[in-house]
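This briefing is for a reader new to the structure. Look over the sequence and the model first, then go through the points by topic.

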Amino acid sequence: MLKILSKSALALAIVVASSCSDRLSETNVNPNGIDPATANPNLMMPEVMNSAARAYLELGYGDVAGVAQHIQHDGWFSGVNHYDWGPQDWSGWYNMLRNNEFMYKRSVALNYKFHQGVALTMRSFIFGVITDLWGDAPYTSAVKGDQSNELLKPAFDSQEVIYKGIIADLKAASELFGTKDATGYTTGYDLFYAGNPTSWQKFANTLLLRYYMRVSDKMPAEAKAGIEAIYSSGVYIKTQAEDATMAYIGATAGNAWPGAVAFDQEQSNFRRKKPAQAFVNALVSTGDPRLKVWLAPVHVRWVADETLTTDVDKFIRKDGVIQQNVSYLTDLVLLAEVKKGTKYTRHYNPKLYKGTLDTGEYVGVPAGLIQPDTYNNNPTPGQTVQNQHVSQLAEVYRGSSGGLLKARLASSAEASFILAEAALKGWSVGTAQANYNAGVKNSLETWGVGSQYDAFIAKPGVAFNNTLAQVMEQKWLANWTMATEAWFDYRRTGLPALKAGPASAEPVVAVRFNYGDNEVNFNRTNADAAINKLEVTKHSGLRGKNSQWSKPWVLQGTNKPW
């Protein structure tokens, strides 16, 4: 009986195993998955566009906005204010490239010209961000790990090779869009331009303007010819309605504006972000109409009062009346009261006060302070209460969706200022003044204050004075929330003349991101080769060659920005 039972059990086990094997095979075929051989490239477009737009905005509204001195943080501030960066990982950008490469291959297989153009444009945009931020990077061997084990550790290409590749891909994309062939496009999948090839061609050509100017010190002949050709074609972004943007829908945290209070109940992400002093001063000095769109007045303004018997009021004043035992109010209380028209002030005696106070209606935080949370005699330093004596961002940036809350990848203002700079170089792109004026007008229209253009452009400091410094300052302002471009322009020109603050590890502004640990540890040979090509400067510091103050190829030999 034991032998019979053993044989029966063995037979049953074989049947069960066979049955499980068959079922596992069936189960491992995901009925909801996408077969690479039949995938629709429309389904891949939104993911690539959304990921790239969000990541770019989060740079230009985050750490890089601190480098470009659009903002400073008064809490958790070292990365933003002091460029105190560790190794920076780029895997998110390469993940976008993997999806984009899949979209491109399927588009080629289906002969969808529009989708090929989109893929080439996004490939250029993403690789452009990577090389702009880090320097040399995997390019010709990138996102090919499925083809060979050797490509799992790809070689790094030089910045020169990458920039030339970007330019070539954008030219190819522009030609594809020029056919006006949108075969295969399904409505609703293009987040930027709703399937319009002409709009995409303008975007691709505007990126060409960007990258030709980026390499203009290293490849002047190519840059001149390229920019002149695009200007001559007339096919580039000229109005704010043509800007490459993605709106935030705000339904979930992943689709909402960074730091939106709807998903940040304590509002700490919003509260710690303050406008930088240089940015505020530039806007205030010319009565810039964008000031009130972007920034809020201080909630409690300092008032000089020589009749005061002490150096400063201990308590705040509401419509001029001392509020006994109230030295501060929370941000939300102040916001509600200010909306009612209530005016809060705090007096000080300039003869007795041993320090300096900013009494302006709009107050920015100086770059790189040791303790930015104490600036302008904040009575509540630390993380718990808003600094009532410093401006914060306008209320619109507390929101999560709609209106002005857009990720902007390229703009009409940027294109116009590039052409103004090219004209100052003597290139055939129209007059510098006409392009400069167009840049200012396009930016004002972008932010809803275009009706004030005529008065603004005539003001001293704004009226064109034929200098690169003025063009770059207005471009720097127009790049609000696109601070990556402001930083890259500063690196290339040294303008505006940004200064590192007293707490910065080095006395100059950083110029690149450090290569991440994954590359240095797991692709060491290739990463070391790229690191060794960086130019060590007297500011490279303890990090040595892989430092945020070492210069990549695009800056080497230019004496810029310092």
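Strands S7 and S8 run antiparallel and are joined by two bridges. The model described here is predicted.

- Within S8, Val321 is the bridge partner of Lys318.
- The sheet is open and has four strands, in the order S6-S9-S7-S8, and its pairing is mixed.
- S6 and S8 (321-322) stand at the edges with a single partner strand each, so one side of each has no neighbour in the sheet.
- Strands of a sheet pair through backbone hydrogen bonds, and the pairing can be parallel or antiparallel.

**Helix H13**
- Helix H13 spans residues 331-339, and its buried residues are Asp331, Leu334, Leu335 and Glu337.
- An α-helix has 3.6 residues a turn, so residues three or four places apart point the same way.

**Glu485**
- Glu485 lies in helix H18, which covers residues 483-493.
- Is Glu485 buried or exposed? Glu485 has a relative accessible area of 2%, and because buried means under 20%, Glu485 counts as buried.
- Leaving out residues up to four places away in sequence, Glu485 touches Tyr56, Arg210, Arg214, Glu414 and Asn479.

Key:
Residues are numbered from 1 along each chain as its sequence is written. This is a predicted model: local features need pLDDT of at least 70, side-chain atom pairs count only at pLDDT 80 or more; totals for chains, interfaces and linings use all residues. Side-chain values use heavy atoms; hydrogens and water are left out. Buried means under 20% relative accessible area, exposed over 50%, partly exposed in between (1.4 Å probe, protein chains only). Contact means heavy atoms within 4.5 Å. Two strands pair if DSSP finds at least two bridges between them.
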